[in-house]
Amino acid sequence: MKKSFVLIVLGILFTGMLCVSSRAQQPAPVYFAVFEEMVSTADMAAFSKAQQEAVDLWKKHNFDLPIYCYSTDDNSFFWVMPMQNFASLDAMFEKSAAYMKKARELDGYDGSSFRDLSTTRFSYIRWMPDVSFHPDGKFGQTTDKKYMKWAFCYLKQGHEKEAAEAIKKYVDLFKKNGEAYEWDVYEVMLGNDTPVWVLATPSSNPFTLEQKESELNEKYKKDLPDMWAEFAKHVRRIENKTGWFRQRWSINTGL
C-alpha cells in the first residue's frame with residue numbers, strides 16, 4: 001500500500017507548505033501530510049516526463065485530493081496535502097487506492113514509469129499560528145509569491161516552549177512596526193529526528209526576499225542579533241532549503 005501511494009502522489013515533505021488558501025475565505029488548514037521526494041540530477045528529465053503523465057491522469061480521473069507541489073533547488077520535491085486530522089490519512093490512502101484501480105483499468109497505468117527514479121520520506125506536520133506572522137491576516141499559497149525559503153530547525157529536546165517564546169518576540173516586533181514580511185512555522189509531529197520546526201517564508205523571487213531581509217536587518221540591527229541568539233540557543237542545527245511552488249503539478253488548490 002505504501003509503495004502504491006508513493007507512485008500515485010510521487011510523494012514528499014514541506015512547506016512552505018502553504019496550502020488551502022484562506023485568501024479565498026476558507027479556514028486555514030492546520031494539519032498536513034507531506035512527502036519529500038528526492039531525485040538525482042541524471043534522472044530529472046525522466047522523472048519530469050513520468051510526473052507529467054501522472055498529473056495528466058490525476059486531472060483526467062478527477063483525483064479530488066488537494067495536492068500542493070514544491071520543487072527545491074537541490075533536486076527534491078515536496079508534495080503537501082492538507083488534512084483535517086490524523087484520521088484523514090486513512091481516507092487519503094483509500095482515495096489513492098481507488099484512483100490507482102481506475103487508472104490501471106482504464107489507462108493501463110501502473111506507475112512503473114517511476115521505477116528507480118526517486119526515493120521518498122513522509123512527515124505529518126501541523127501549522128503553528130501563534131508563532132506564524134501574516135500582516136495582512138491572510139494565510140495560504142498565492143500565485144504572486146511562488147518562491148519559498150524553508151529553515152528546518154532541529155530543536156533541543158524539551159525546548160519547544162522557550163523556542164516559541166523567542167519567535168513570538170519577532171511577531172511582536174514586526175506587528176508593532178507594521179512590517180510587510182510574513183512567515184509560517186510548522187511542527188513535525190511524525191517524522192525523522194524530532195523535535196523539528198519548519199519556518200517557511202514566501203516571496204515573489206529570491207532577490208526580493210534577500211532585499212527585504214537586508215532592509216530588516218539594517219532597520220532592526222539593535223534588536224535582531226539578540227533575538228536570534230535567544231532563539232538559536234534552543235536549536236541543535238538548522239538546514240536551509242529554497243525552491244518554488246509548482247502550480248502546474250498541483251491540483252485542486254483553487255489557484
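The following dialogue examines a predicted model of one protein chain.

Student: How are residues numbered, and what pLDDT do local features need?
Tutor: Residues are numbered from 1 along each chain as its sequence is written, and side-chain values use heavy atoms, with hydrogens and water left out. In this predicted model, side-chain atom pairs count only at pLDDT 80 or more, totals for chains, interfaces and linings use all residues, and local features need pLDDT of at least 70.

Student: Over which residues does pLDDT stay under 50?
Tutor: pLDDT is the predictor's confidence in each residue, from 0 to 100. The chain has a mean of 87, and 89% of its residues reach 70 or more. Where pLDDT is low, the predicted coordinates should not be read in detail. That caution applies to the stretch where pLDDT stays under 50, residues 1–26.

Student: How many helices and strands does the protein chain have?
Tutor: Both are DSSP runs numbered from the N terminus: helices are H or I with at least four residues, and strands are E with at least two. Along the sequence the pattern reads α-β-α-β-β-α-β-β-α-β-β-α-α-β. The totals are six helices and eight strands.

Student: In what order do the strands close into a barrel?
Tutor: Two strands pair if DSSP finds at least two bridges between them. Strands β1 (residues 31–38) and β4 (residues 119–127), for example, pair in the antiparallel sense over eight bridges, and Phe32 stands opposite Ile125 in β4. The eight strands close, with antiparallel pairing, in the order β1-β3-β2-β8-β5-β7-β6-β4.

Student: What percentage of the 255 residues is buried?
Tutor: Buried means under 20% relative accessible area, exposed over 50%, and partly exposed in between, with a 1.4 Å probe and protein chains only. By this criterion, the buried share of the 255 residues is 49%.

Student: Which residues does Ile67 touch?
Tutor: Contact means heavy atoms within 4.5 Å. Residues up to four places away in sequence are not counted here. The residues that Ile67 touches are Trp58, Trp79, Val80, Met81, Ser250, Ile251 and Thr253.
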